[in-house]
Amino acid sequence: MAADLAADHRVYALDLRGHGLSDRRPGGYGFDAFRDELGGFLKTLGLTGATVVAHSMGAAAAYLLARDEPGLVGRLVLEEPPVFFPLDPPRPVAERPEGPSASTGRWSGPPTPSSTTPTPTGATGSRRSPPPPWSLAGGPTSHVPQERLSWLADRIPGARLATVDAGHLIHTDRAAEFLSLAREFGL
């Protein structure tokens with residue numbers, strides 16, 4: 001994917017904390033932390049107005065960054081982003097379990113409380129408007145509720161939504177179609 005896009009774009013592939021090849025770090029692993037990490041990366045490299053293509057958790061971080069610092073993001077392509085709805089009733093912050101984690105032997109902590117409550121710009125009354133996202137949905141075999149992706153696209157002025165019946169990993173399972181749609185969306 002990166003090689004294809006690099007033909008006419010400068011491409012950076014960022015691993016957020018604790019994902020891909022990046023190390024686990026102390027502190028939070030909530031969407032706010034991922035948003036801040038992505039924003040710090042763009043600011044450090046002077047990439048204001050960048051086109052951001054992101055998948056799943058990274059797409060949530062990218063959307064939150066575009067909402068909170070719209071000048072950093074020029075175009076936004078979101079693949080299978082989670083759509084946040086306030087929990088009803090609200091869930092308290094998780095307590096640290098006794099002993100080491102089964103997978104890593106370390107406790108990275110629960111998601112931050114705000115990671116369960118973000119809503120689209122129109123619903124928050126934010127004074128700034130993010131760039132309208134172009135979203136790709138994976139269809140009925142995805143674990144992401146597809147009706148929520150439609151709900152989100154309907155509430156963001158200028159948002160576009162396309163469905164590729166590929167499940168959660170469109171970029172892997174239908175790479176050519178993913179690239180074609182990303183380019184149609186203005187990449």
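The axes of packed helices are lines fitted to C-alpha atoms over the stretch in contact, and the angle between them runs from 0 to 180 degrees between N-to-C directions. Two packed helices are described by that angle and by the distance between the axes. In this predicted model, helices H2 and H3 pack at an angle of about 70°, with their axes 8 Å apart. Helix H2 is therefore roughly perpendicular to H3, since angles of 65 to 115 degrees are counted in that class. The crossing of the two helices is right-handed.

The residues that form this contact can be listed from each side. Helix H2 contributes Phe31, Asp32, Phe34, Arg35, Leu38, Gly39 and Leu42, and these meet Met57, Ala60, Ala61, Ala62, Leu64, Leu65, Arg67 and Asp68 of H3. By type, the residues of the contact comprise ten nonpolar, one polar and four charged.

The helix pair belongs to a protein with seven helices and four strands. Along the sequence these elements follow the pattern α-α-β-α-β-α-β-α-β-α-α. Of the 187 residues in the protein, 41% are buried. Among contacts between residues at least 6 apart in sequence, 70% join residues that are at least 24 apart.

In soluble globular proteins, nonpolar side chains tend to be buried together. In this model, the largest nonpolar core has 31 residues, of which Leu42, Val52, Ala62, Val73 and Leu76 touch the most other members. At least two residues of this core come from each of helix H2 (31-44), strand S1 (50-55), helix H3 (56-68), strand S2 (73-79) and helix H5 (146-155). Helix H3 gives the most, with eight residues. A second, separate core of 14 residues includes Ala162, Ile170, Phe178 and Phe185.

Setting aside residues up to four places away in sequence, Val52 touches Leu38, Leu42, Ala62, Val73, Arg75, Leu76 and Val77. Leu76 is found in strand S2. With a relative accessibility of 0%, Leu76 counts as buried, because the limit for that class is under 20% relative accessible area. Apart from its neighbours within four places in sequence, Leu76 is in contact with Val52, Ala62, Tyr63, Ala66, Pro131, Pro132, Pro133 and Trp134. The C-alpha atoms of Leu76 and Phe185 are separated by 9.3 Å, although these residues are 109 residues apart along the chain. Phe185 is itself one of the residues of the second core.

Ser56 has a positive phi of about 55° although it is not a glycine. Ser56 lies in helix H3 and is buried, with a relative accessible area of 18%. Glu80, which is likewise a residue other than glycine, has a positive phi near 50°. Glu80 lies in the loop between S2 and helix H4 (121-124), and at 0% relative accessibility this residue counts as buried.

Notes:
Residues are numbered from 1 along each chain as its sequence is written. This is a predicted model: local features need pLDDT of at least 70, side-chain atom pairs count only at pLDDT 80 or more; totals for chains, interfaces and linings use all residues. Side-chain values use heavy atoms; hydrogens and water are left out. A nonpolar core is a set of buried Ala, Val, Leu, Ile, Met, Phe, Trp, Tyr and Cys residues joined through side-chain atoms within 4.5 Å. Buried means under 20% relative accessible area, exposed over 50%, partly exposed in between (1.4 Å probe, protein chains only). Contact means heavy atoms within 4.5 Å. Angles under 35 degrees count as roughly parallel, over 145 as roughly antiparallel, 65 to 115 as roughly perpendicular and the rest as oblique. A crossing is left-handed if the near helix is turned anticlockwise from the far one by less than a right angle, and right-handed if clockwise. Ala, Val, Leu, Ile, Met, Phe, Trp, Tyr, Cys and Pro count as nonpolar, Asp, Glu, Lys and Arg as charged, and the others, Gly among them, as polar.
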